[in-house]
Amino acid sequence: MGVDVRREISAATFERSVRQHIKFSLGKALREANTKDFFWAVSLAVRDLLIERMLKTRRRYGKADVKRVYYLSAEFLMGRSLGNNLCNLGLSEVYREVLTKLGADPVAVEESEFDAALGNGGLGRLAACFLDSLATLDLPGYGYGINYEYGLFRQEIADGYQKEKPDSWLAYRTPWELERYGKACPVPVYGRVENYQAKDGADNPMWLEWQLIIGVPYDMPIAGYGGNTVNCLRLYSARASQEFDMEIFNDGDYFKAVEQKIGSETVSKVLYPSDARAEGRELRLIQEYFLVACAVRDIVRRYEIAHSSFEMFPEKVAIQLNDTHPALAVAELMRILVDEKSVPWEQAWDITRRTMAYTNHTLLPEALEKWPVAMFERVLPRHLQIIYEINHRFLDDVAAAYPGDVDKLRRTSIIEEGEQKQVRMAHLATIGSHSVNGVSALHSGLVRTVLFPDFHEIWPEKFNNKTNGITPRRWLKLANPGLADLITEKIGDGWVTDLDQLARLEPLADDMEFQARFRQIKLANKHRLAKVINDTTSVTVNTNSLFDVQAKRIHEYKRQLLNVLHIVHEYLLLVEDRKVPTVPRTFVFAGKAAPGYWVAKMIIKLINNVASVINNDPRVDGLFKVVFVPDYRVSLAEVIVPATDLSEQISTAGMEASGTGNMKFALNGALTIGTLDGANIEIRKEVGKDNIFIFGLKIAGVQRLNQEGSYNPRELYQTNPDVKRVLDAINGDMFSANEPGLFKWVFHNLLDHNDRYYHLADLPSYLEAQRLASETFADVPTWTKKAILNVARMGKFSSDRAIREYAQDIWHIKPVSLTRRR
């Protein structure tokens with residue numbers, strides 16, 4: 001990867017930079033500096049190094065006039081940046097040496113940083129991993145997103161219920177962003193379209209009377225490992241148009257001017273505003289267009305620096321749409337090319353389709369965005385015209401290829417007919433892109449056969465798979481330094497940028513000395529998590545117990561409820577049947593429920609009530625503990641993941657596109673218990689079927705039950721004593737004595753509403769898989785061997801591999817490596 005920064009930056013040089021920033025950037029004497037001051041001073045010193053290398057990287061790309069990829073995503077879940085930047089620049093040891101010398105606690109300084117609240121879950125974390133890999137691989141790639149002032153929310157637990165508090169991560173500013181006001185983008189919304197005729201008689205639509213929002217860019221440098229390449233994540237904050245505000249102000253309506261300013265700036269205020277009301281849905285649409293409008297205009301601006309026509313645009317620009325949120329980029333690029341650059345429609349459409357690529361992340365119908373046509377016409381009238389024209393031309397082609405097939409026209413149309421017409425954004429992204437990929441082998445197959453079979457029939461060559469991956473820099477080297485150091489001691493540090501090298505650990509899986517050190521590191525990680533659990537929940541856990549963890553967004557299809565059913569089953573075996581468990585367990589839950597998702601929030605309440613009963617029952621005597629760790633985020637995941645023994649990946653088969661949590665846990669030596677869903681299938685293939693606990697229906701079984709309508713959960717309840725006892729306990733207020741009837745919805749959802757996510761169908765095999773997991777954990781050498789083999793066989797799941805595949809197969813970009821003088 002070339003020469004890294006640590007060869008160029010001595011401890012003395014770094015110390016001098018920190019001292020200067022304390023004095024000149026913060027205006028303080030060294031003796032006055034507190035932990036937060038040291039965080040800022042160190043971060044600014046690191047940022048200086050990043051900026052220097054970012055400018056060199058930019059010059060390198062410009063000199064070679066290379067093709068670049070632009071990754072558009074509504075989320076970038078970056079987490080904390082200081083530790084990651086120190087790691088990638090090779091300055092972690094220098095940092096600890098300098099901070100200790102200056103009298104500061106290096107750990108406390110790192111932990112004083114707020115997580116950048118720019119995402120919610122796997123979608124945003126994947127985007128962050130991809131940016132890391134792009135820079136590490138010396139690939140010319142940039143991210144575009146929104147600079148949300150508030151994240152999704154900060155989660156607190158009160159009386160077992162989730163409470164949402166503002167996550168104002170930017171309240172104290174961040175040292176990692178560089179404001180670029182000179183590159184602000186105008187974003188028009190609302191207004192109307194007048195159709196005029198040009199001199200040559202052609203139609204010339206004019207978008208008039210729009211309101212203007214200004215997108216102000218903030219650049220976050222993204223360092224690759226070794227520091228040779230520093231790319232950039234550009235995030236936009238919404239500001240009111242000064243011209244529009246002043247016109248109102250000069251007319252004497254000060255309050256209306258202020259109101260307009262506040263309204264405009266709401267666009268980048270919060271991640272995913274609630275869409276429970278029409279106003280919230282409209283704000284979401286404006287927010288998505290704001291991202292797209294800023295990004296596409298900036299991409300075009302970059303391109304025009306070196307090119308006078310758009311003929312070479314697809315040869316120099318690749319735009320990747322990370323799910324449907326940025327799908328409007330298709331219409332926006334067409335609008336700029338046709339309306340502003342006077343490119344003929346056919347040529348503009350060819351350019352657009354060869355430039356755009358679309359990653360689908362979900363099969364769930366509710367997650368495939370649709371916008372009411374009436375709302376779309378009010379907010380983006382010109383874009384609706386463009387979409388209608390795209391759709392008209394596309395349907396003409398379909399009708400010619402499939403004469404008389406009216407159903408195919410209906411299914412493939414961008415406009416969904418019905419009582420309320422809707423614009424189908426996934427259809428727009430698919431039609432307007434040259435590549436459509438899923439994110440695991442199973443998911444990509446379902447995209448072709450279930451989600452978009454008609455489009456696949458029309459364009460089979462367009463569809464492909466790119467299995468997700470994670471960056472080993474953050475998720476092993478940074479999050480689990482003990483294990484990372486052990487691996488490096490045994491096989492060298494080449495694994496950091498070539499994760500396939502972990503396979504060299506396999507011969508050590510039976511080595512008793514290596515096993516002992518591996519377990520010692522896991523135990524230290526468990527002690528660290530136990531402290532966090534005690535600090536946040538006041539629950540003391542046994543670090544010698546099996547840490548059974550489900551940490552992910554709370555959703556019915558992810559089946560935290562199934563996990564709870566197992567816990568209740570184990571509890572009843574102990575207190576009613578006097579059957580002592582094979583091994584003690586600590587059940588750890590973490591994750592947020594969407595504020596408007598009642599069932600998910602009640603699952604959190606159920607988990608906490610079950611925890612309260614079990615943790616306070618003297619008959620349990622520490623054999624079980626159940627904890628819900630609040631406010632799941634990247635920095636918390638970095639503590640939870642390395643401490644986990646058993647990773648719960650138990651979604652209903654066919655509903656999880658890929659998952660990346662499954663990869664993080666396995667890379668850190670956890671065994672997976674899971675269904676054959678998402679990337680679990682590929683993980684099983686890599687780690688071996690004997691080193692993973694698989695249970696439950698396969699996708700074919702789920703599809704058969706869906707088609708036949710033959711699933712009868714009540715019959716299972718009536719014929720399976722384990723199922724009946726667990727449901728009766730929940731329904732009978734064992735866990736809601738002070739709130740009778742609180743969890744009756746569980747009983748009715750699973751029995752009367754046909755258990756849409758097949759909890760009861762999978763429960764018996766899940767209980768059996770859990771029994772096997774306990775027996776295996778009791779055999780310490782066998783469990784340790786399986787854990788080591790999981791680590792050794794995770795090479796495929798590096799985001800470096802995923803990005804190489806995108807670069808080669810979809811984007812057609814190549815590394816632009818640093819060449820150094822001899």
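## A salt bridge between two domains

The side chains of Glu164 and Lys601 meet in a salt bridge, with 2.9 Å from N to O. The term salt bridge here stands for a side-chain nitrogen of Lys or Arg within 4 Å of a carboxyl oxygen of Asp or Glu. One salt bridge is counted between domain 1 and domain 2.

The model is predicted, and local features need pLDDT of at least 70, side-chain atom pairs count only at pLDDT 80 or more, and totals for chains, interfaces and linings use all residues. Residues are numbered from 1 along each chain as its sequence is written, and side-chain values use heavy atoms, with hydrogens and water left out.

## Domains and their contact

Domain 1 covers 65-80 + 115-468 + 805-811, and domain 2 covers 544-779; the bounds come from an automatic or database domain assignment. Their C-alpha centres lie 36 Å apart. The contact (heavy atoms within 4.5 Å) takes 31 residues from domain 1 and 38 residues from domain 2.

Between them, the two domains bury about 2,600 Å², with 58% of this on carbon and sulfur atoms. Buried area is the accessible area (1.4 Å probe) that two parts lose on being put together, summed over both. On the domain 1 side, Gln155, Tyr161 and Leu442 lose the most area to domain 2, together 22% of what that side buries.

## What domain 1 brings to the contact

Between domain 1 and domain 2 there are 15 residue pairs in polar contact, both residues at pLDDT 80 or more. A polar contact is a pair of N or O atoms within 3.5 Å; within protein, one must be able to donate a hydrogen and the other to accept it, and residues adjacent in sequence count only if both atoms are side-chain atoms.

On the side of domain 1 that touches domain 2, at least two residues each come from α6 (122-136), β3 (154-158), β4 (161-165) and α17 (441-451). Helices (H or I, at least four residues) and strands (E, at least two) are DSSP runs, numbered from the N terminus. Helix α17 gives the most to this side, with five residues.

Six strands form an open sheet with parallel pairing, in the order β20-β19-β18-β21-β22-β23. Two strands pair if DSSP finds at least two bridges between them. β20 (624-628) and β23 (693-694) stand at the edges with a single partner strand each, so one side of each is left without a neighbour in the sheet. Strand β22 (residues 671-674) pairs with β23 in the parallel sense over two bridges, and Phe693 in β23 is the bridge partner of Ile673.

Another open sheet has three strands in the order β13-β15-β14, with antiparallel pairing. Its edge strands, β13 (370-372) and β14 (415-416), each pair on one side only. Two bridges join β14 to strand β15 (residues 422-424), and the two run antiparallel. Val423 in β15 is the bridge partner of Ile415.

## Salt bridges overall

The total count comes to 62 salt bridges. In one of them, the side chains of Asp454 and Lys408 meet at 2.8 Å, N to O. Asp454 lies in helix α18 (residues 453-458) and Lys408 in helix α15 (residues 406-412), so the pair ties together parts that are 46 residues apart in sequence.
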